[in-house]
Amino acid sequence: MKPLDEVDITKKNERNVNVSRRLLITIDGPAGVGKSTVSQGLAKRLGYVYLDTGALYRALAWKIQQQQADPQDSIRLATLLSKTEIVLLPHGEQVSIQIDGQMIEPRVLRTPEISQLASSIAAIPQVRAWLLPIQRRFAEARGVVAEGRDMGTRVFPQADLKFFLDADLSVRAERRHMELSQRGQSQSLDMVREQMAARDIRDRTRAIDPLCPAKEAILVDTSHESAPQVLEQMMKVIADRL
Ligand code: C5P
């Protein structure tokens with residue numbers, strides 16, 4: 001039998017190891033499900049970096065729109081990508097995005113037009129392949145909450161913990177409608193629902209890296225729960241892994 005002191009020291013070391021364990025957490029799900037709020041909240045609570053991968057697709061869509069390029073023209077797209085530099089600058093639970101040295105306001109990237117274009121270009125294999133290493137670089141720093149559509153299935157299959165959030169379309173559309181109104185980007189509820197449904201179908205049925213839960217993902221239905229409730233639920237699961 002070990003002397004008591006030794007047992008205590010071992011336990012203390014175990015505790016220290018556990019306390020300092022920093023996880024790679026992925027959160028996937030469709031639009032308007034509350035991923036961003038929850039991901040930012042978790043990153044803040046845990047002191048982790050927040051990785052918003054949708055912002056990368058949106059930034060690229062913005063550049064394509066600015067240049068009036070046809071994303072289906074693969075030669076033109078290859079040239080555009082070879083001349084593009086996207087930098088995500090995470091600072092705690094916030095993230096700024098720079099494209100070709102220019103800082104882009106998040107507001108500019110969150111318009112309904114950019115949402116649709118981002119989802120269209122996200123179905124192009126060239127685009128996904130180009131963005132893959134940019135996203136994976138973030139896993140080098142542990143302590144990451146990564147949000148997107150294919151975080152658990154494609155970008156970070158080795159993640160420590162994977163969540164998949166889902167909710168009824170009507171609930172998600174109402175949330176997005178309110179969010180847009182608060183930003184002064186008003187759109188009718190019907191239009192928001194229609195565009196969201198179209199984006200869902202495109203994201204879930206595209207041939208490459210479609211939106212779907214990783215087989216080991218924990219499914220969370222956010223239809224009837226507020227963001228703080230969802231966050232608490234997820235924190236309990238995370239706490240068991242720390
Ligand atoms: O998450 P967010 O709504 O900002 O994403 C915009 C679009 O970018 C999505 O509709 C989806 O088509 C695409 N996307 C993706 N894979 C990710 C993140 C976003 O295909 N990991």
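Student: Which helices each supply at least two residues of the lining of the largest cavity?
Tutor: The model is predicted: local features need pLDDT of at least 70, side-chain atom pairs count only at pLDDT 80 or more, and totals for chains, interfaces and linings use all residues. Residues are numbered from 1 along each chain as its sequence is written, and side-chain values use heavy atoms, without hydrogens or water. A cavity is a set of points, on a 1 Å grid over the protein atoms alone, where a 1.4 Å probe fits but cannot get out; lining residues have an atom within 4 Å of a point. Helices are DSSP runs (H or I, at least four residues) numbered from the N terminus, and those asked for are H6, H9 (169-182) and H10.

Student: Which helix gives the most to that lining?
Tutor: The lining has four nonpolar, five polar and six charged residues (Asp, Glu, Lys and Arg count as charged). With four residues, the top contributor is H10.

Student: Where does the ligand sit?
Tutor: A pocket is an open set of grid points with protein on both sides within 12 Å along at least five of seven lines. A molecule sits in one if more than half of its atoms lie within 2 Å of its grid points. By that test, the ligand is in the largest pocket.

Student: How much space lies in the largest pocket, and which residues are closest to its centre?
Tutor: The space is about 1000 Å³. Of the 46 lining residues, the closest to the centre are Ser36, Tyr50, Arg110, Glu147 and Arg176.

Student: How many residues surround the ligand, and which helix gives the most to the shell?
Tutor: The count is 16, with a heavy atom within 4 Å as the cut-off. Arg58, Arg128, Arg149, Arg199 and Asp203 are the closest. By class, the shell has four nonpolar, four polar and eight charged residues. H3 (53-66), H6 (112-121) and H10 (189-205) each supply at least two, and the most, four, comes from H3.

Student: What share of the ligand's exposed area does the protein bury?
Tutor: Start with the polar side-chain atoms: one of Arg128 lies 2.8 Å from a ligand oxygen, and one of Arg149 lies 2.8 Å from a ligand oxygen. A ligand nitrogen is 2.9 Å from a side-chain N or O atom of Asp150. Alone, the ligand exposes 450 Å² (Shrake-Rupley, 1.4 Å probe), and the buried share is 98%.

Methods
A polar contact is a pair of N or O atoms within 3.5 Å; within protein, one must be able to donate a hydrogen and the other to accept it, and residues adjacent in sequence count only if both atoms are side-chain atoms. Grid points are joined across faces, edges and corners, and a volume is the space filled by probe spheres set on the points.
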